[in-house]
Amino acid sequence: MSGKKLSETLVNLVLVLTGAILWLSAQTIEVGAAMGQGGDFMPKLCSTIWLIIAILLFVFGLRTPDTGKNEAPISIKGFLSTLVLLFVYVLLLKPIGFVITSIVYMFIQMMLFVPAELRNKKNYIIFAVVSIVLPIAVNLLFVNVFSLILPTGIL
């Protein structure tokens with residue numbers, strides 16, 4: 001097993017263990033709602049989805065043959081930029097609100113992920129539309145379907 005394959009397997013194992021811990025923790029949340037979904041619904045749903053995906057990643061990662069090739073180098077700059085961006089996102093979520101913070105976060109994150117040679121006017125428009133539509137749709141889903149209010153912030 002190459003070093004890359006071993007590191008992927010270890011990361012997938014950590015994801016499975018983290019998902020199991022999250023799932024077990026979510027089971028201890030009390031229902032607490034007379035109408036609609038309780039506060040336990042989303043943590044239980046998300047932790048279950050996490051655990052299923054992590055198990056699939058782990059199993060399929062083990063079944064994938066090791067080619068020994070490094071397809072793409074890991075960008076430390078991109079990784080650290082994403083960590084800083086996530087930290088700022090969480091920091092600004094409550095004072096500014098979910099929708100606005102998510103729009104800005106998603107647009108900047110897409111700019112980090114897309115290589116410079118693929119950035120053009122068409123892609124900027126796609127990034128902007130996705131960054132605007134998705135947070136608004138998620139907010140509407142949480143408010144109207146799950147009866148859960150996301151941070152509204154100043155606006």
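1. The largest pocket has a volume of about 270 Å³, where a volume is the space filled by probe spheres set on grid points that are joined across faces, edges and corners. A pocket here is an open set of points on a 1 Å grid over the protein atoms alone, where a 1.4 Å probe fits, with protein on both sides within 12 Å along at least five of seven lines, and lining residues have an atom within 4 Å of a point.

2. This is a predicted model, in which local features need pLDDT of at least 70 and side-chain atom pairs count only at pLDDT 80 or more, while totals for chains, interfaces and linings use all residues. Residues are numbered from 1 along each chain as its sequence is written, and side-chain values use heavy atoms, with hydrogens and water left out.

3. Ser75, Lys77, Gly78, Phe79, Thr82, Leu83, Leu112 and Phe113 line the largest pocket. Helix 3 (76-96) and helix 4 each supply at least two residues of this lining, and helix 3 gives the most, with five residues; helices are DSSP runs (H or I, at least four residues) numbered from the N terminus.

4. Three aromatic pairs are found in a search of the whole structure, a pair being rings of Phe, Tyr or Trp (its six-membered ring) with centres within 6.5 Å, called stacked if the planes are under 30 degrees apart, edge-to-face if over 60, and tilted otherwise. Phe107 and Phe127 make an edge-to-face pair, at 6.4 Å centre to centre and 75° between the planes. This pair links distant parts of the chain, with Phe107 in helix 4 (residues 98-113) and Phe127 in helix 5, 20 residues apart.

5. The rings of Tyr124 and Phe127 are also paired edge-to-face, because their centres are 6.4 Å apart and their planes stand at 80°. Tyr124 and Phe127 are separated by about one helical turn, since they are three residues apart in helix 5.
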